[in-house]
Amino acid sequence: METVLILGATSDIAIAIAKKFASQKYNIQLAARKPEQLEAVQSDIKIRYGVDCSVHAFDALQYHTHNLFFEGLAPKPDITISIFGIMDEEEDAFNNWELTQRMINTNYTGAVSILNIAAKYYIGRKQGAIIGISSVAGDRGRASKLIYGSSKAAFNAYLAGLRNKCFKGNVHVMTVKPGFVYTRMTENMPLPKPLTSTTAQVADIVYGGFEKKKNVIYVKWFWRYIMLIIKNIPEFQFKKMKL
Ligand SMILES: NC(=O)c1ccc[n+]([C@@H]2O[C@H](COP(=O)([O-])OP(=O)(O)OC[C@H]3O[C@@H](n4cnc5c(N)ncnc54)[C@H](OP(=O)(O)O)[C@@H]3O)[C@@H](O)[C@H]2O)c1
């Protein structure tokens, strides 16, 4: 039975993805900075799906601990899924360097730190898969997602480069770009229902994309076309728009 490592496992999307993979008979390793919050999810996964499920302490910002964290996993995961991320109020972040830095360091630097380690291990054994949960917000920079969007754009570029680097090593890297999803992160936002996914829908689409070895997937599919339109608006017009 293969094992999936879920990084940022207290996230609503992460729990749905963990349950989806468990339902397909993968063992699960849940890693989060507050592992004590995962006891109920851990026993639910074990009882409901009859797979192994372990819980691990992991903080994306504690880069110096990442090697030891990955080394300590037994067994080593066959699939690593990076899900953690933060989205602070953009105006607060614009006015507070600490918030800006925390968003960049979590969404980009933290992800690069741990995924470099996982990728090296997978390339070494010529087998493995990495999935990164990014965002459509990374497809084009705009005022309302100034820092969050740019951190996800950097993450998208990293995942594309990693996919290229890992290809010869038989390691697959998939980029996931959700649009709106009903989670803790968006609970105070008025989300347009037709454009918004549930966490279960995200999990199904991620699992389907993984099985088909997709490179980049949008959740839901029509976001690819929405972002295509947005990406094609000429800059001289785009800079005047309120998006
Ligand atoms: N919701 C959306 O509409 C949407 C759209 C596009 C992309 N996404 C992306 O989807 C991913 C999951 O987000 P979500 O919507 O499920 O939101 P969420 O429930 O708020 O999850 C965010 C997760 O990131 C974790 N995290 C934050 N800083 C961390 C750190 N330093 N170390 C380890 N974990 C850390 C949080 O852990 P704690 O529980 O410890 O705070 C939490 O588990 C994020 O990458 C987000 O950018 C979400």
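**Helix α1 and its surroundings**

Guide: Happy to. In this predicted model, the axis of α1 comes within 10 Å of the axis of helix α2, residues 39–49, and the two cross at roughly 25°. Since angles under 35 degrees count as roughly parallel, α1 is therefore roughly parallel to α2. The crossing of these two helices is right-handed. On the α1 side the contact is made by Ile15, Ala18, Lys19, Ala22 and Ser23, and on the α2 side by Val41, Ile45 and Tyr49. Sorted by class, this contact of α1 with α2 has six nonpolar residues, one polar and one charged.

Now for another partner of α1, helix α7, which covers residues 199–211. Here the axes come within 8 Å and cross at roughly 50°. That angle makes α1 oblique to α7. The crossing of α1 and α7 is right-handed. From α1, the residues involved are Asp12, Ile13, Ala16, Ile17, Lys19, Lys20 and Phe21. They meet Thr199, Ala200, Val202, Ala203, Asp204, Val206 and Tyr207 in α7. By class, the contact of α1 with α7 has nine nonpolar, one polar and four charged residues.

Spanning 12–23, α1 supplies at least two residues of the shell around the ligand, and so does β7 at 180–181. There are 27 residues around the ligand, and Thr10, Ser11, Gly85, Thr183 and Met185 come nearest. By class, that shell has 14 nonpolar, eight polar and five charged residues.

If you follow the chain on from α1, the loop between α1 and β2 (27–32) holds lysine 25. Lysine 25 has a positive phi of about 70°, although it is not a glycine. It counts as exposed, because it has 11 C-beta neighbours inside 10 Å and the limit for exposed is 12 or fewer.

Asparagine 170 lies in the loop between α6 (146–167) and β6 (171–178). With 13 C-beta neighbours inside 10 Å, asparagine 170 counts as partly exposed.

Helix α5, residues 97–125, and α6 pack at an angle of about 10°, with their axes 9 Å apart. That makes α5 roughly parallel to α6. The α5 residues in the contact include Thr100, Met103, Ile104, Asn107 and Tyr108, while Ile147, Tyr148, Ser151 and Lys152 are among those of α6. By class, this contact of α5 with α6 has 16 nonpolar, three polar and one charged residues.

Finally, two peptide bonds to check in your viewer. The bond from alanine 74 to proline 75 is cis, with omega near 0°, and proline 75 lies in the loop between α3 (66–71) and β4 (79–82). The bond from valine 219 to lysine 220 is also cis, with omega near 0°; lysine 220 is found in the loop between β9 (216–219) and α8 (223–231).

Terms used. Residues numbered from 1 in each chain as written. Predicted model: local features only at pLDDT ≥ 70, side-chain atom pairs only at ≥ 80, totals over all residues. Near = placed C-beta within 6 Å. Helix = DSSP H or I, 4+ residues; strand = E, 2+ residues; numbered from the N terminus. Nonpolar A, V, L, I, M, F, W, Y, C, P; charged D, E, K, R; others polar. Axes fitted to C-alpha atoms, helices over the stretch in contact; angles between N-to-C directions. Parallel < 35°, antiparallel > 145°, perpendicular 65-115°, else oblique. Left-handed = near helix turned anticlockwise from the far one by under 90°. Contact = placed C-beta atoms within 7 Å. Buried ≥ 20, exposed ≤ 12 C-beta atoms within 10 Å, placed from the backbone.
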